[in-house]
Amino acid sequence: MLWLPILIPALAGALTFLLGERRTRRRNTVNLIAATAAAAATLSLAGAAFQGTAAQASLPLGPGLQLAVRGDLTGLLFACVVTLLWGVTLVYAIGYMSHDRNRARFFGFFAWCIAAANGVALARDPLSLFVFYEILSLCTYPLVVHSGTPEAIAAGRKYLLYAFGGGAALLAGTAWLVAIAGPVQFTPGGALLAAESHTFALRWVFALMAAGFCVKAALMPLHGWLPSAMVAPAPVSSLLHAVAVVKAGVFGIVRLVNDLFGPELATSLGVAQPLALAAAVTIGVASVIALRQDDLKRRLAYSTVAQLAYITLGTALCTPLAAAGALAHLAHHAVMKITMFFTVGSLGQTLHVKVLGTMGGVARRMPLTMASFSVAALALAGVPPLAGFASKWLLAGGAFESGDWWALLVYVSGGALTLGYMVPILLASVRPGAHEPAERWESDPRMLWPIIAVALASVVFGVSASAPWSPARWALAAVSPVFGGWTP
Amino acid sequence: MTLVDHLPAALIMTPLAGAALTFVTRRRWDPALVMVTAVVITGLALALSVRVLAEGAFRYRLGGWGAPLGIDLVADGISALFVLLAAVVGLAATAYATSYFGTGDEDAYGRGLVWALWLFLWTALNALFLTGDVFNVYVCLELVGISAVALVTLGGGADALRAGARYLFASMLGAMTYLLGVALLYSATGHLDMATLGSAPTQGIAASTGLVLMVSALVLKTALVPVHFWLPTAHAAAPSPVSAVLSALVVKGSYYVILRLVLDVTYPGQLPGLDVTLGALGAASIVWGSVQALLQTRVKLLVAYSTVAQIGYLFVAIPLMRADGGIVGVAVTAAAAHAVSHGLAKAGFFLSAGSLQHRFGHDRISEMAGAARTTPVLAMACAVAGVTMMGLPPSGGFVAKWLLILTSINVGQWWWAAVMIAGGLLSAAYTFRLVAVFVAEGAGDPGDAHHPARTEWLPLLLASAAALLAFAIPQIDTLVRIGMNLGRAEVLP
Amino acid sequence: MSSHLVYALVGGLLFSIGTYGLIVRPHMIHKIISTNFMGSGVFLVLIGLGNRTPSGVPDPVPQAMVLTGIVVTVALTALSLAIAKRYFSLTGRGDISEHREERVG
């Protein structure tokens, strides 16, 4: 049962490949059914986890080796984000890619990425996480180079360099870890009691593993692959930036700090502080770079770099509220950013608008789309009572708790800069401008409804942040065991 | 005695009988005959593995003589595993070859000679994997050499002849050196049977020199850097099903003998310089082979250099096997797992390269743009095979690489781990160089001729088998440990 | 020095000469002759070194090895001659030194 969130998308992917390019309707049906089934499975697993029963399963891979999964709250939060957004993105992608020549290949690898991301979410120990992490790198490559143009191939090459370089670091770190500490599993609060004396080795292990994760998490200066990867189709960018790949990176950091080393050990070893510092710098620098981007997707890319650093910073501060805020932001940012990427994709596909300069008149032509975008943008900036505000409130509370006033400063200026790079988009859209006579109002409904849906989610998650099923509450429950059963 | 007891002999006799029969039957029936033989051999190999798993290792006295007068065949875990690998790859390659070679005109393929040679090669390989006598190894190595060279040159062109001739001379050099080593070893110990040699420590200058000569000769035949020069051209110039068998099985044959010498004949701690030398040369192979693969402009040469690189991993495992004064079982399992997954994946890679060459009419990489769209199955097969080469999950290659890395850190020789991680990155470089061309916009292949489905799906199946092998590693581990080292030295976990 | 050892040493010398010829000489016929030198050298070593039965009866195993070796060498020589002949008829040349085209694809 626990394998379902991984097996269902994997099977769907295989079936998609076998069905081939021509049987479009059957292929789409398979994928949509799979997405629904996977969502159902993940949600029911989450329900069980909330009751307190965390299921486990494993598959032997060799002498002393196994592929192991566990359904704990942290992992299931990520898995639910991935699986639910898969369904939404599928609808959008079916609309967006309706004239593409290689859809089978696209949807097949798309499904496999979801399977791998779910694997990362549910992995029980560092080796299993590494296995799924690398599978994720492999399966995203065909999506990045999908269009086959020279720019796409070059972007793919850059992606490979970063992804596999990071993978090599992660491999070295994980192997070293297993050599000194044995086959440890992720345990809330840390699992390295036995190896505490190897401080030199542990510091290097942390550095290597963090480097590996930070490549996908796009922490500066390892973020270079992300803006170039914008050459991929919009559904891929949404997937990369909101759902699977980058979130897998920060999720890895969450596991590293919370469940492998543990907040106490990370602080006492002195490895959490540099990470926090790097994250803070990233927030500032990336937001400033975003201000100057004319291309919409690149602007959003740098925004993602900055927002991910919020999650990293929160985790690295090693306090309960900050950690909860980080996890909540993982979910909230996913919905908010995906709205924006869907919008930009829609603008590109329907109106051929890709750059800030040509955005005049868009609000009149596609009002619903732009309204959704505005909601998401405000949410991202932390405007109450939207989703972004809820997670940033928690993050700020965490900084308060630990006395890191400088982090508060970073959050506030980050929020201001977010407004700084989002508002011009909104303003540009309401400027007067001309576009081709409209055969239809708005865009393809398969692209429109997902945008509205995820925008609504950013509202709902924020407004009902204190409801028991909200991501914010979920995050609080998830980090509780990490800090020894702490409750807010 | 039932059939099951005669399995080792049956495994050698069956392909031999099949080969003889191809001379007698009509040319038209040859492909079917060979397929039937292949299926029978696969069944026998499976039966052997089941028997070894169930009842442990056993020795078969050929002709009832028994050592030291006669030759014993030894069926333990490692031999059963390699025989099974040969069977699976051979079966797939045979199925592919029946379409590739066809039964047409008057050339050598048409005259049916290829099938006899094919089965002779299989006979020789099975004999090599099952023999328990060091001189018999020489005979089997020469048999493998003859069959392989003949198959390589069967293409007929000057290129194939030249590549085949270089292969032949390298093979003969290796075999003669090996025989010289056997002569020295025999003069020092008076034994030829591996088990007997193993139980009486082989000391002294003559014996050690003999062993070193034997290992050096086998190293030449396994194409370790710097004596790898004959492999890339030979494997690239041969017809694709032949290349598949060459890269997947033939090089593993001489490696298998090295494994036997290292594990069974020498005692732990003997010839320590040998371990480090082999490991260092293996590391050099990994780097050099990958770099050369990256520079190639033709698919088959790229795949052939990839073989050189992957063999390096097998040699890096050797110092890890004999560390700590005993036999480190995990390292042996890892090497065996790597050999098996590489065998499957490389066979798939070569078969898909052959199919691509058939479709495009050439094998120049730069002109294969768009293949991912027109021949998605083949492109996928190359990519999946590449995953095993890179040692990335999910693949048997990953599990093997992980086990080797972990072992090297555990025994304190972490530099091998660094080389293997670097090797993985280099493999990624040449694999993705190929995949990037496939995915790029392009016309793809002309796509007019009709190609049997199995030329597409067999490579993918083989490559996928290598990928899924990751989940069978525990079984491989169990198998490999049966009869390992004849129960002599202490086998560390 | 016993006569057996002389055989063995001469065999080693022949082996070295053959190896040198095989590696250095580019022409195929030279290489084939060199391999036969190597073979003869090894056989001499086998006979020279392998005569060890304490009771004075000649040890039959090395003789069996030599006979097998001769047979194998003859077969291989035949194959290499066939390849050399065919290569010569195709290209008019007898040396198989490396060509630049076949190295880097």
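The following paragraphs lead through a predicted model, beginning with the contacts between its chains.

Two pairs of chains touch, and the pair with the most contacts is chains B and C. Chain A and chain C, by contrast, do not touch, and their nearest C-alpha atoms are 23 Å apart. The contact between chains B and C draws on 31 residues from chain B and 32 residues from chain C. On the chain C side, helix 1 (3-24), helix 2 (28-49) and helix 3 (60-91) of chain C each supply at least two residues. Of these, helix 3 of chain C gives the most, with 14 residues. Sorted by class, the side of chain C that touches chain B holds 19 nonpolar, nine polar and four charged residues.

Chain C itself has four helices and zero strands, so that its elements, read from the N terminus, follow the order α-α-α-α. Of the 105 residues in chain C, 35% are buried. Contacts in chain C between residues at least 6 apart in sequence can also be sorted by separation: 59% of them join residues at least 24 apart.

Within chain B, one pair of helices may be followed in detail. Two packed helices are described by the angle between their axes and the distance between the axes. Helix 13 (residues 329-360) of chain B and helix 15 (residues 376-390) of chain B pack at an angle of about 150 degrees, and their axes are 9 Å apart. Because angles over 145 degrees count as roughly antiparallel, helix 13 of chain B is roughly antiparallel to helix 15 of chain B. The crossing of helix 13 of chain B with helix 15 of chain B is left-handed. From helix 13 of chain B, the residues that meet helix 15 of chain B include B:S341, B:H342, B:A345 and B:F349. Among the residues they meet in helix 15 of chain B are B:L378, B:A381, B:C382 and B:M389. By class, this contact between helix 13 and helix 15 of chain B has eight nonpolar, six polar and no charged residues.

Confidence in chain B remains to be considered. The mean pLDDT of chain B is 86, with 93% of its residues at 70 or more. In chain B, confidence is highest in helix 5 (residues 134-153), at a mean of 93, and lowest in strand 4 (residues 491-492), at a mean of 49. Over residues 489-493 of chain B, pLDDT stays under 50, and the model has 17 contacts beyond four places in sequence for these residues. Where pLDDT is low, the predicted coordinates should not be read in detail.

Key. Residues are numbered from 1 along each chain as its sequence is written. Chains are lettered from A and ligands numbered from 1 in the order in which they are written. This is a predicted model: local features need pLDDT of at least 70, side-chain atom pairs count only at pLDDT 80 or more; totals for chains, interfaces and linings use all residues. Two residues are in contact if their C-beta atoms, placed from the backbone, lie within 7 Å. Ala, Val, Leu, Ile, Met, Phe, Trp, Tyr, Cys and Pro count as nonpolar, Asp, Glu, Lys and Arg as charged, and the others, Gly among them, as polar. pLDDT is the predictor's confidence in each residue, from 0 to 100. A residue is buried if 20 or more other C-beta atoms lie within 10 Å of its own, exposed if 12 or fewer, and partly exposed in between; C-beta atoms are placed from the backbone. Axes are lines fitted to C-alpha atoms, for helices over the stretch in contact, and angles run from 0 to 180 degrees between N-to-C directions. Angles under 35 degrees count as roughly parallel, over 145 as roughly antiparallel, 65 to 115 as roughly perpendicular and the rest as oblique. A crossing is left-handed if the near helix is turned anticlockwise from the far one by less than a right angle, and right-handed if clockwise.
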